Amino acid sequence: MSDSFGKGHHLHLIDGSAYIFRAYHALPPLTRKSDGLPVGAVAGFCNILWGELTKSGREVPTHIAVIFDFSSKTFRNDIYPLYKANRPELPEDLRPQFPLTRAATRAFNVACIEIDGFEADDIIATLARQAVEAGGACTIISSDKDLMQLVGNGVRMRDPMKDKTIDRDEVIEKFGVGPERVVDVQALAGDSVDNVPGAPGIGLKTAALLINEYGDLETLLDRAVEIKQPKRREALINNAELIRISKRLVSLDAHVPLDFTIADLSVLEPEPEALLGFLQEMEFRTLTRRVSDRLQVEAPAVAETPEPKAAAPERLPFDHSTYARVSDLPALHAWADRIREIGHVAVDTETTSLDEMRAELVGISLAVDPGRACYIPIGHKQGGGDLFGSTDLVPGQLALDDVLAVLKPILEDPAILKIGQNMKYDWKIFARIGVTVAPIEDTMLMSSAMYAGLHNHGMDTLSETYLGHTPIPIKPLLGSGKSAITFDRVAIDDAVKYAAEDADVTLRLWQSFQPNLHRAKVTTVYETLERPLVPVLARMEMHGIQVDRDTLSRMSNAFAQKMAGLEDEIQTLAGDRFNVGSPKQLGEVLFDRLGLPGGTKGKTGAYATGADVLEDITTLEDTYPQGAQLAARVLDWRQLAKLKSTYTDALQDHINPETGRVHTSYSLVGAVTGRLSSTDPNLQNIPIRTEEGRRIREAFVAPAGRVLVSLDYSQIELRILAHVADIPSLQQAFRDGIDIHALTASEMFSVPLDQMTPDIRRRAKAINFGVIYGISGFGLARNLRIPRAEAQGFIDRYFERFPGIKEYMSETVKFAQGSGYVQTLFGRKIHTPEINAKGPTAGFAKRAAINAPIQGTAADVIRRAMIRMPDAITHLDAKMLLQVHDELLFDVAEEDAAELTRIAKAVMENAHHPVLTLKVPLTVEAGQGLNWAAAH
DNA sequence: CTCGTCACG
DNA sequence: GACGTACGTGACGAGT
């Protein structure tokens with residue numbers, strides 16, 4: 001501990017107010033159980049602060065402080081009374097938490113600083129300056145752009161949420177100028193959130209442009225008359241005083257009088273009693289446990305303190321040395337006995353591959369109580385991973401058959417719960433050796449039901465977030481790259497620790513999640529939409545779909561030839577050889593060499609060359625014939641390159657040599673809305689929109705004597721929208737089976753249905769989709785390639801015709817802002833932690849919040865259909881193969897095709913019953929054929 | 001390992 | 001006359 005500050009020392013300054021707001025908006029409104037005191041923001045604040053204090057790495061501070069705003073009135077209000085005048089009122093349940101966050105900071109034994117008349121940012125500026133002048137380093141932990149002017153000369157920032165360092169480069173990326181000119185740019189651009197006026201009509205982009213051209217703000221104002229654009233010139237000349245005031249508002253005061261020195265801020269260990277006392281008073285169970293765990297480890301003297309122990313008696317630290325290795329049958333039977341006694345067990349399998357269809361079982365781990373877990377090695381091999389690793393088994397392992405003789409009855413026992421993290425994986429591994437695991441619990445799915453939108457649901461995240469424990473990483477065991485080994489080459493002693501810990505973590509997560517599932521009111525979601533889908537998906541994946549290698553291979557060759565031809569043409573047009581697949585090189589050819597207009601560089605400094613850009617260039621035939629042709633060829637080449645690399649080439653590699661079929665893997669938690677996602681390979685994005693791409697579906701075939709049947713929901717999201725937004729005319733149209741886009745067009749543009757033109761219908765269709773996505777004038781304008789004003793006109797008229805839509809949108813956003821989540825009609829929750837953010841993030845969050853209930857309800861509907869499907873079609877020779885969001889694909893014996901279509905259609909159309917009655921019918925369209933293209 | 005691009009609903 | 005925007009995904013090649 002140091003009582004000075006200077007060279008070699010490192011000061012961390014935490015922007016406390018920012019923490020509070022992030023914490024408040026990121027968490028559901030938590031209250032203290034005993035008296036209902038709102039403490040959500042305090043809880044989040046403590047979690048972030050504790051994370052910051054226990055962070056390990058090279059950037060460990062020697063000195064630290066949390067800085068807060070004292071009040072909303074500061075010296076800036078004397079300069080400009082309207083400063084921050086349009087800030088929304090503080091939420092009622094947040095205000096009382098402010099003093100608590102100060103108390104929390106002190107409880108963690110961290111200096112807590114606030115000074116009347118100054119913003120936290122000024123104090124941070126002052127301390128950062130002093131730190132650098134004393135020869136030390138300073139890291140500001142905040143993502144506030146107003147602090148970016150301080151970066152440089154030994155001062156850096158770190159965004160605590162993204163854990164991203166903000167250095168000079170990031171500042172330039174954000175403001176277009178270095179830190180020393182940031183205030184000039186801010187003074188010009190103003191800030192609507194803080195009510196800094198700036199120059200009217202000048203935004204960040206223009207401001208940076210001007211400052212870069214003239215050097216600094218004063219020079220710019222002096223020479224404003226030279227500016228060519230009349231609007232800009234007038235804006236600067238007429239508002240010079242306002243701009244200077246703005247600069248004073250955004251400039252931080254680095255000379256705030258302080259009654260302490262940096263030396264007083266040295267890092268101190270928390271006093272266990274004070275800290276645990278505070279946390280217990282707040283009734284933060286998890287954090288109390290986590291802190292007491294940690295302090296016991298680091299400060300053994302505290303272990304005797306009886307208080308914290310009593311607070312979390314059930315919590316055991318993770319101790320890898322207690323995990324058992326099971327090498328003989330008596331030991332295995334002892335574990336089996338304990339499992340039968342308590343009726344549940346956490347299970348995890350270790351294998352040689354992440355691909356369940358090729359993975360070989362290496363071992364099984366079991367956990368029965370927290371801290372009580374074992375690993376049963378079965379397939380570990382000799383030879384530690386060198387190239388000539390033998391195929392001899394390591395001695396001292398039980399044989400698979402002997403293990404299964406004991407475990408199969410347990411794994412299939414309807415009275416014993418099998419708990420896993422991502423159970424679909426283990427289910428498939430066991431299924432391949434003849435064991436059908438049931439009933440199951442899955443901590444990953446529980447997390448997804450409770451916390452979708454807040455974080456991912458991997459075991460590491462869950463363990464860190466809810467157990468305060470970082471599991472042993474797999475990387476050091478397996479290595480990486482060329483020298484990577486498979487799990488069967490891992491030393492058994494290491495494997496025991498790693499594998500048993502996974503089961504232990506899973507068990508503890510399950511215990512901690514159980515009560516929360518009810519509290520979050522998502523038990524039904526978990527039990528009816530998540531858990532039962534596991535065996536359904538596992539069977540679909542294992543069955544796979546037949547893909548014809550020859551068809552793909554022929555297409556690959558044809559594509560390669562066409563591409564070579566196009567490449568020649570492109571090189572000729574360009575006058576030089578370059579890599580057509582490189583967007584960077586292509587951009588240089590188009591915009592530098594050929595001098596085409598419209599070249600815009602993105603933030604990485606590369607020209608944008610996306611399809612929309614290239615399409616615009618193709619229209620310049622008269623002025624730039626060469627460039628227009630080149631762009632057209634590149635578009636063709638790109639399409640072929642995509643089809644070849646992603647589909648015709650890659651799919652061949654995914655044909656399983658044993659089954660001759662392609663086995664995708666669905667993720668139940670990949671999408672926050674509840675949609676599935678598909679990987680390795682992704683079979684949910686096989687081409688269909690272009691004729692050339694569509695032919696790839698001809699390679700997905702039915703075996704001899706069978707056919708593929710495709711059933712897809714017609715307009716399911718629009719139907720759900722018509723229901724939730726309660727639009728009678730749209731609902732009636734769906735009931736009458738009228739073309740919904742044509743009807744929309746007719747209502748909006750007052751064109752009778754029998755006089756509808758394809759173009760008007762196309763526009764209405766774009767608007768209908770836009771609404772589902774949280775429409776904006778900008779987005780629609782870009783999609784339809786029409787002026788923004790016209791697009792806005794369409795939207796206005798749409799809202800006029802269908803007022804329920806606007807109401808739904810604002811109600812949904814309002815709900816999200818109040819609660820932090822939105823819900824589907826089946827109760828699935830999707831959290832929206834960014835909904836109260838400021839800036840462009842808010843726009844994203846709002847649109848996502850509008851879309852999620854619609855997309856999510858549709859996802860729930862097809863999940864329900866899939867779960868019911870197997871029982872509905874048992875009497876038929878048919879298999880469900882694929883799901884593509886609103887489509888199910890079946891493989892069925894020819895003679896059963898008609899019956900399957902009838903039944904599966906009925907299951908899908910009634911999937912929402914009985915829990916939900918919609919004011920619109922759900923309809924399903926069917927097709928069948930010998931391949932997927934023909935079935936659609 | 002990130003970015004740009006593009007395939008799907 | 002721009003803070004910046006349609007929603008949700010996964011895979012590939014290029015380039016760092």
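Me: A salt bridge is a side-chain nitrogen of Lys or Arg within 4 Å of a carboxyl oxygen of Asp or Glu. What makes Glu530 and Arg863 a salt bridge?

Reply: This is a predicted model, where local features need pLDDT of at least 70, side-chain atom pairs count only at pLDDT 80 or more, and totals for chains, interfaces and linings use all residues. Residues are numbered from 1 along each chain as its sequence is written, chains are lettered from A and ligands numbered from 1 in the order in which they are written, and side-chain values use heavy atoms, with hydrogens and water left out. In Glu530 and Arg863 the closest N and O atoms are 3.1 Å apart. The cut-off is 4 Å, so the pair is called a salt bridge.

Me: What else in the structure goes by that name, and how many salt bridges are there?

Reply: The structure holds 49 salt bridges. One of them joins Arg102 and Glu114, with 3.2 Å between the closest N and O atoms. Arg102 lies in helix H4 (residues 97-107) and Glu114 in the loop between E3 and H5, so this pair ties together parts 12 residues apart in sequence. As to naming, helices (H or I, at least four residues) and strands (E, at least two) are DSSP runs, numbered from the N terminus.

Me: How is chain A divided into domains?

Reply: The bounds come from an automatic or database domain assignment. Chain A has domain 1 (10-264), domain 2 (269-311), domain 3 (320-544), domain 4 (546-662), domain 5 (675-725 + 852-936) and domain 6 (726-851). Domain 5 is given in two stretches, 675-725 and 852-936.

Me: How do you know that domain 3 and domain 5 touch, and how many residues does each give to the contact?

Reply: Their centres, taken over C-alpha atoms, are separated by 32 Å. The contact (heavy atoms within 4.5 Å) takes 10 residues from domain 3 and 13 residues from domain 5. Between domain 3 and domain 5 the count is 1 salt bridge. There are also 2 residue pairs in polar contact, both at pLDDT 80 or more. A polar contact is a pair of N or O atoms within 3.5 Å; within protein, one must be able to donate a hydrogen and the other to accept it, and residues adjacent in sequence count only if both atoms are side-chain atoms. On the side of domain 3 that touches domain 5, helix H22 (523-530) and helix H23 (533-543) are the elements that give two or more residues. H23 gives the largest share, 5 residues.

Me: Which area is called buried, and how much is it between domain 3 and domain 5?

Reply: Buried area is the accessible area (1.4 Å probe) that two parts lose on being put together, summed over both. Between domain 3 and domain 5 it is about 1,000 Å², and carbon and sulfur atoms give 75% of it. In domain 3, Leu529, Leu533 and Met540 lose the most area to domain 5, together 52% of what that side buries.

Me: What makes E4 and E5 paired strands?

Reply: Two strands pair if DSSP finds at least two bridges between them. Strand E4 (residues 137-141) and strand E5 (residues 155-159) are joined by 4 bridges and run parallel. At least two are needed, so E4 and E5 count as a pair. Thr139, for instance, has Arg156 in E5 as its bridge partner.

Me: Why do E3 and E6 stand at the edges of their sheet?

Reply: The sheet is open, with 6 strands in the order E3-E2-E1-E4-E5-E6 and mixed pairing. Strand E3 (111-113) and strand E6 (164-166) each have a single partner strand, so one side of each is left without a neighbour in the sheet. Helix H5 (residues 120-133) lies across strand E1 (10-15), strand E2 (63-67), E3, E4 and E5, at about 175° to E1. Axes are lines fitted to C-alpha atoms, for helices over the stretch in contact, and angles run from 0 to 180 degrees between N-to-C directions.

Me: Where is the cis peptide bond to Pro681?

Reply: The bond runs from Asp680 to Pro681, with omega near -5°. Pro681 is in the loop between strand E16 (677-679) and helix H28 (691-694).
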